[in-house]
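Here are my notes on how the two chains pack against each other.

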2 protein chains.
Amino acid sequence: MQRRSDEWRAGLTESLGRALADGDIERAGIELGRLHPSELADLLESFPPEERAGLWALVDSHTKGDVLTEAHGAVRRQLIEQTGVDELAAAVQRLDLDALSDIYDELPAGVVEAVLSVMDAQRRERFNLVRTYPADTAGGLMDVDALAVRPDVTLRMALSYLSRYRAEHGRLPAHSDALMVTDLAGVYIGRLAVTDLVSLDLDTRVHEVMDRDTDPIAADTPASRVARRFEDEDLVSAAVVDAGGRLIGRITVDDVVDLIREQAERTVMAGAGLDETDDTFAPAVASAGRRAIWLGVNLISAFTGAWVISLFSDSIDRLVALAVLMPVVASMGGVAGTQSLALVIRGIALEHVRPGNRSRLLTRELSVGLINGLIWALAVVLIVGLWFGRPGLGLVFAAALVLNLVWGVASGTLIPLALARLRIDPVLAGGVILVSLTDAFGFFVFLGLATLMLL
Amino acid sequence: MQRRSDEWRAGLTESLGRALADGDIERAGIELGRLHPSELADLLESFPPEERAGLWALVDSHTKGDVLTEAHGAVRRQLIEQTGVDELAAAVQRLDLDALSDIYDELPAGVVEAVLSVMDAQRRERFNLVRTYPADTAGGLMDVDALAVRPDVTLRMALSYLSRYRAEHGRLPAHSDALMVTDLAGVYIGRLAVTDLVSLDLDTRVHEVMDRDTDPIAADTPASRVARRFEDEDLVSAAVVDAGGRLIGRITVDDVVDLIREQAERTVMAGAGLDETDDTFAPAVASAGRRAIWLGVNLISAFTGAWVISLFSDSIDRLVALAVLMPVVASMGGVAGTQSLALVIRGIALEHVRPGNRSRLLTRELSVGLINGLIWALAVVLIVGLWFGRPGLGLVFAAALVLNLVWGVASGTLIPLALARLRIDPVLAGGVILVSLTDAFGFFVFLGLATLMLL
């Protein structure tokens, strides 16, 4: 098998493109067969919709289910639309229940019926259990294939259980780094590392060596907290329990990796009012529609600033240098605020910022704003004095700069704290609210001070 | 053991704060002992530097090494400074070699000597191997504790190797989901899942069941590519090989999780010119210094915009409405550009954007800019017409808006592509370059058109 180097991927993409252009379907299909489902999903996402549809038709039916779970929202919807009901039902039937649950709502009704009708009773029951939890909780992330043993059996007995499981199912569940240990009532009491099974005396009893220190995850735990647990404790899998402490499933690190990556993408995209599930190569009209709304929000914000300026039309009429300099005041407040915003958003995400240290954080940010305001005020007094030959204008400009920087860091600190309390994503809404405030205040304080002092 | 719920953490932080205020050192020490190293690092980061130093003194010496590797840059430097040389040497000696290599450069010379002098020859040799690779490559991420077996041994022999290893070292290396299979020359040829050891007939030979499909990772592979491999192939561990294909180490998913999280944090912070290793609770002066530079960069950008405006002072003097409206044109171009920027940055990170589809992406973005420009141009023609009662001004404003939106999306698409080619992080530099361009162009095109058409 070839190495999956970047060159190899680039070469594959090109040779695929050529094969498609030549109409050499067979060669294209063979190339595709050499990819992992997630690589396939990546590849499909890097083609525009029409060519994507052509490639999708070449993907092996039994791989299609996995590719669907790996694809981003908009691309996934397209692929689902372009798959026949029978093929789709066959493809998704093979999926793990957590993966099936993730895409379940997007499947056409016929497919849903077909899939449910061939599930055995136990699997259907488990599937319905997963479906009762929201997708962004531990319950929604879990799979229900946890291997469990009792504490009083020997390691030898645990091993023979695994051999039987494998003989029956063909394989052990992926990422089985541990067996869960439960009591007779199914309550989670610990976990047994598979590495213990391969390195300890087989007459040892499970309870003698099991790990009792790794707490299970309650099914209603938010996904972001689940991710933190995996990061903090270097987990490969973790037990999920219901309110009664009973083992109901298991979360594995591969799903957590995907989760963290999605959060990272959301951060990049949300700052610009975009959705992390957007198709990079969506057609222009679809892409424009979503973004138009965000531009509209910004238009309202920008016109608020314009209205503030209009209050001082007479002043600008008398001293046009005010119009030249006012965007500088506004922009500097915005940048200082953005820095506080980023710091506080990260602090909230890492759980470093909490009720007990908020006021200290605000005080520090205000000091930073004041210090940097004073530093750059000195610089601009000189620049403006030299440029316009009016020391008075330089002083007013410098004072407005200091005030808007302090206003900016205060807003940048308080906005995410307030949004987080209101359970609004600060990454999405924080930037646009901040810039509205620093623009409006910047224009107001500069033009207002100038009107009072200079005119 | 208690559940690590959010309430528990909040309670712990509070009771710690109280214990410290009361001077009840013993109670504080006991509370701290119940945390994982990474939880301890998080906790330490959520206190300001003075209190952090007090808490650090209470942390168990043998936990300190792990906490240091989990802490962010600035906090880590503080903690290292506040640890005696002997204690520090003892603490870091216990670390995995990849973790030691990560913090090695920050350790005082005395500690380095002490640590190296007590390493056995084999460990020192391996450590020097890790150190030859940059930290952001597979070689820098790897640990050198890979367990390896030959292809012709039976599973039973592999098991007894593991038992001996455990008896000798006390434990198996963390995240050992697989043994690496190497030939006599040490060249990687495949991997044997530990779950095979616990579920297959023990007389089976390794080569009969080993996984030959998971490619090893070349030591010079960039960290971001390593992360993609783990995501795409759902790996828990992967073999690292040198240029000759020889097994030299192993990367585990816990390090990859940390890596992805760091990339995500960098994204949040870099957009505001901050470093992801910044201390959330750094003193004001230290914090201000770093941010002042970014504000200075923005000041230059803002004054460039001001200079463009100053070219049209006479026009503004004659029609003050231009000063009122010009920030709207600039801001809308900036927002439209930011949207393209975010989409393209994500596309580059996901490797969806590549040489073959760049021109298509640019065409699509230009179309999106034009569509949204036209949509909002209609809206602003009405607003401006009603507000100022000058239809001509509305038309000029609308035309400038369309042009700056198109300019914005073109800049937002091309800037990250150019920066990526120059190997500059587009998240860091992209935003500030974009806004400089959309501000300057926005002012120029609006004031220029108005001067030509209206005055």
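This is a predicted model: local features need pLDDT of at least 70, side-chain atom pairs count only at pLDDT 80 or more; totals for chains, interfaces and linings use all residues.

1. By salt bridge I mean a side-chain nitrogen of Lys or Arg within 4 Å of a carboxyl oxygen of Asp or Glu.

2. Residues are numbered from 1 along each chain as its sequence is written, chains are lettered from A and ligands numbered from 1 in the order in which they are written, and side-chain values use heavy atoms, leaving out hydrogens and water.

3. Another salt bridge pairs Asp42(A) with Arg228(B), their closest N and O atoms being 2.2 Å apart. Asp42(A) sits in helix 3 (residues 37-45) of chain A and Arg228(B) in helix 15 (residues 223-233) of chain B, so this pair joins two chains. Helices here are DSSP runs of H or I with at least four residues, numbered from the N terminus.

4. How do helix 15 of chain A and helix 3 of chain B cross? Their axes come within 7 Å and cross at roughly 110 degrees, which means that helix 15 of chain A is roughly perpendicular to helix 3 of chain B (65 to 115 degrees counts as roughly perpendicular, over 145 as roughly antiparallel). Axes are lines fitted to C-alpha atoms over the stretch in contact, with angles running from 0 to 180 degrees between N-to-C directions. Arg228(A), Glu231(A), Asp232(A) and Glu233(A) make this contact with Ser38(B), Glu39(B) and Asp42(B), where contact means heavy atoms within 4.5 Å.

5. Do look at helix 19 (residues 321-349) of chain A as well: its axis comes within 8 Å of that of helix 16 (residues 253-270) of chain B, crossing at roughly 155 degrees. Helix 19 of chain A is therefore roughly antiparallel to helix 16 of chain B. Ala342(A), Leu343(A), Ile345(A) and Arg346(A) meet Glu265(B), Val268(B) and Met269(B) there.

6. Taken as a whole, the contact draws 126 residues from chain B and 125 residues from chain A. The area buried between them is about 11300 Å², with carbon and sulfur atoms giving 63%; buried area is the accessible area (1.4 Å probe) that two parts lose on being put together, summed over both.

Key
Angles under 35 degrees count as roughly parallel, over 145 as roughly antiparallel, 65 to 115 as roughly perpendicular and the rest as oblique.
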